[in-house]
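Here's a quick tour of a protein chain. Have a look at the structure, then read on.

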Amino acid sequence: MDAAYVSALSALAGSAIGAMASFATTWLTQHSQERATLLVRDRARREALYGEFIREASTLFGDAFRHDLDDPAKLVNL
């Protein structure tokens, strides 16, 4: 095999490996950014849900000091 063929094949192989490495790096970066975005969105949703629960529970707790539990259906929202 000629030296020219070996150097040409080496150049093509290096180029292909570089392209695959670039593709893999881009894919991993996008994947991690998407996962981070989903985690932040999920955390914000849970914080809002917990805040709503605390508001409703504190309202019912204050109401419990003032009244007897005549209607258990009031606790359904909690």
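What follows covers the overall fold, the salt bridges and one surface patch.

This is a predicted model, where local features need pLDDT of at least 70, side-chain atom pairs count only at pLDDT 80 or more, and totals for chains, interfaces and linings use all residues. Residues are numbered from 1 along each chain as its sequence is written, and side-chain values use heavy atoms, with hydrogens and water left out.

The chain has 1 helix and 0 strands (DSSP runs numbered from the N terminus: helices are H or I with at least four residues, strands are E with at least two).

Now for the charged side chains. Searching the whole structure turns up 3 salt bridges (a side-chain nitrogen of Lys or Arg within 4 Å of a carboxyl oxygen of Asp or Glu).

| Salt bridge | Closest N and O atoms |
|---|---|
| Arg45 with Asp42 | 2.8 Å |
| Arg46 with Asp42 | 3.2 Å |
| Arg43 with Glu47 | 3.3 Å |

Arg45 and Asp42 sit 3 residues apart in helix 1, so about one helical turn separates them. Arg43 and Glu47 are 4 residues apart in helix 1, again about one helical turn. Shared partners link Asp42, Arg45 and Arg46 into one salt-bridge network.

Finally, Phe23 lies in helix 1, which spans residues 3–66. Phe23 is exposed, at 60% relative accessible area.

Methods
Buried < 20%, exposed > 50% of the residue type's maximum accessible area, 1.4 Å probe, protein only.
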